[in-house]
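Here is a walk through one protein chain, meant to be read with the model open beside you.

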Amino acid sequence: MLTLRTLCERRDLELSVLVPGPEGALDNEVSWTHNTELPDPSPYVRRGELVMTNGLWHVAGHPARSFVHHVQGAGASGIVFGLRREMRATPVEVIDACREAGMPLLELSVNVPFTALSQAAAQTLAEQRQSALMASVRRGNALADAISSGTGAGGVLRVLRRDHDLRLAVVDRMGDLLGSAGADLTADDLVVVARAVARRPPPLEVTLSDGSAALFPVGVFGEADAALVCLRPSAALDEAEQGALEQAAHFLGMETARLHAVQATEMRFAGELVDMIFAGAGASREFAARLKTFGIDAGDPLAVCALAAADEDAAVSPVPANAVMAFFVSEGVPAVVAPGGRDTVAIFPWRLTEEELEASMARLLGVLDGQFPEQRVVLGHGGPVGDSTKLKVPLMEAREACQLLARGSSASRMARFAELPSHSALLGRLDGQVVQRFADALLTPLREHDGQRGAQLELTLRTFLANEAQFAVTADALYIHVNTLRKRLTRIGELTGRDPLKFEGRVDLFLALEADALART
């Protein structure tokens with residue numbers, strides 16, 4: 001960057017500082033030089049230019065204060081007063097006017113023409129641009145080496161910190177920390193960055209626990225998959241730092257693309273393994289070989305879990321596989337993690353007790369709750385079983401338990417299949433349309449009757465079943481007489497063909513209500 005101080009340090013220019021201006025003014029950027037003898041050059045002066053004058057306007061009788069005022073209003077970086085044989089010293093009026101205005105004033109020796117000053121400025125700018133270009137080339141080579149050598153995001157950040165004292169991190173859209181150098185981000189910081197990356201377009205700055213931080217989107221084909229985070233506001237970054245960060249973000253885009261490609265391959269292989277289990281290939285050599293690539297021996301005791309998330313609209317979706325894999329990595333447990341259409345499945349070795357398996361699954365659920373606070377994450381699990389040949393049943397049961405929990409069939413958010421109510425488990429195994437038809441056959445007549453006559457037969461039935469078929473308790477809860485309750489129950493029996501006064505009739509009606517709730521989720 002060309003500054004007044006840079007020019008003053010060149011002895012060949014014979015520049016003297018008469019008025020330094022406010023603190024730091026000599027270090028402000030000089031965009032170019034401008035020679036003028038007009039008493040008001042402001043229409044022609046661009047912001048940041050250094051105004052050079054021999055003071056002919058002063059000889060013509062124009063006041064120095066007015067000239068300085070116009071130059072300052074144009075945004076000039078300073079004034080250079082060039083001495084002549086006819087004027088061997090800068091006029092006191094000019095010095096006083098610059099001092100009053102806080103405008104830097106330099107004096108150019110009578111032996112040095114303005115052209116020399118302009119040439120020096122051009123030479124300095126060219127050298128700085130060449131130096132910046134060479135630095136960019138060297139940094140680009142170092143970044144390419146870091147990527148090709150497999151050092152990942154951390155290697156890229158270390159290259160940046162060789163030239164710039166910046167605190168840096170790389171965070172992807174899932175809130176995973178891909179690398180850091182000098183930056184300690186909290187869990188809340190990671191969530192803030194992840195949400196920013198998900199926005200279109202991502203913001204250029206976010207507020208973190210340590211203050212404002214500049215964001216540089218990382219991705220390919222215009223899609224941000226992650227962000228390079230600099231723990232410094234954007235306005236505090238100089239041109240060289242800004243350029244280095246933007247260059248690094250491009251290289252990080254290649255690294256994140258490589259990581260996503262690797263992850264996609266792993267997920268595809270994991271999905272094929274799950275399909276092989278359902279196909280009964282758990283005892284095959286091919287299955288054992290594939291399992292080995294994930295660091296798992298097919299002869300080890302194995303456990304399985306299935307995870308899903310339900311949003312506010314009760315839509316069920318699989319939990320992001322990379323979030324599940326990150327947990328197992330943090331626990332030091334190798335795992336096969338396979339995302340599906342309705343859930344995400346994990347298969348992993350487990351040599352400890354079932355109680356410790358429960359505790360581990362509870363930790364996993366807690367980690368996911370922290371990462372996805374706006375969703376209801378559920379977990380079904382099974383095992384451990386002796387080896388891979390026995391995985392099919394616990395895998396099926398874990399997935400069934402997961403879907404039942406996601407539909408709200410239990411207040412719990414983590415369970416084995418056998419721990420769920422038997423009617424929920426049985427209904428969950430039936431085709432959804434079959435379940436809905438069964439519920440409609442018994443409940444539609446009640447609802448039509450209630451709609452036409454303003455009655456409360458469905459409410460009466462629900463209250464009667466909830467109070468374990470106790471007449472007095474149910475009548476009190478509905479604020480009706482016991483005889484009225486009996487009449488309503490009789491009418492329910494007539495409309496549904498199921499007598500609520502008999503045990504088998506109450507069972508069918510209860511299952512119809514449960515099936516209706518299940519089908520609607």
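## A pocket and its lining

By class, eight nonpolar, four polar and five charged residues line the second largest pocket. For that count, Ala, Val, Leu, Ile, Met, Phe, Trp, Tyr, Cys and Pro are nonpolar, Asp, Glu, Lys and Arg are charged, and the others, Gly among them, are polar. The model is a predicted one: local features need pLDDT of at least 70 and side-chain atom pairs count only at pLDDT 80 or more, while totals for chains, interfaces and linings use all residues. Residues are numbered from 1 along each chain as its sequence is written, and side-chain values use heavy atoms, with hydrogens and water left out.

The lining has 17 residues, and M174, V191, A194, Q371 and F372 are the ones nearest the pocket's centre. Two elements, α7 (187-198) and α11 (354-371), each give two or more residues to that lining. The top contributor is α7, with seven residues. The space inside comes to about 450 Å³.

A word on how that was worked out. A pocket, on a 1 Å grid over the protein atoms alone, is an open set of points where a 1.4 Å probe fits, with protein on both sides within 12 Å along at least five of seven lines; lining residues have an atom within 4 Å of a point. Points are joined across faces, edges and corners, and the volume is the space filled by probe spheres set on them. Helices (H or I, at least four residues) and strands (E, at least two) are DSSP runs, numbered from the N terminus.

## The whole chain

Zoom out and you'll find 18 helices and 16 strands in the protein chain. The radius of gyration is 38 Å, well over the 24 Å that the globule rule gives for 521 residues, so the chain is more spread out than a compact globule. (That radius is taken over C-alpha atoms, and the rule is 2.2 Å times the number of residues to the power 0.38.) Along its principal axes, the C-alpha trace spans about 125 × 65 × 35 Å.

Of the 521 residues, 46% count as buried. Buried means under 20% relative accessible area, exposed means over 50%, and partly exposed is in between, using a 1.4 Å probe and protein chains only. Among contacts (heavy atoms within 4.5 Å) with a separation of 6 or more, 61% are between residues 24 or more positions apart.

## Nonpolar cores

A nonpolar core here is a set of buried Ala, Val, Leu, Ile, Met, Phe, Trp, Tyr and Cys residues joined through side-chain atoms within 4.5 Å. The largest one has 28 residues, and L273, L291, V336, V345 and I347 touch the most other members. Elements giving two or more residues to this core include α8 (239-278), β14 (344-349) and α12 (392-406). Apart from it there is another core, of 26 residues, with A303, V333, A335 and L368 among them.

Take I347 as an example. Leaving out residues up to four places away in sequence, I347 touches V274, I277, I296, A303, V304, P334, A335, V336 and L391.

## Cis prolines

Which peptide bonds are worth a look? The one from R200 to P201 is cis, with omega near -10°, and P201 sits in the loop between α7 and β8 (205-208). The bond from G383 to P384 is cis too, with omega near 5°; P384 belongs to strand β15.

## Around α16

Is T474 buried or exposed? T474 is buried, at a relative accessible area of 0%. It is part of helix α16 (residues 471-478) and, its neighbours within four places aside, is in contact with T463, F464, N467 and L485.

E468 is in the loop between α15 (457-466) and α16 and is exposed at 66% relative accessibility. Y479 is in the loop between α16 and α17 and is exposed as well, at 78%.

## The first residue

M1 lies in the segment before α1 (4-8) and counts as exposed, at 55% relative accessibility. M1 touches T6, D27, E29 and Q128, not counting residues up to four places away in sequence.
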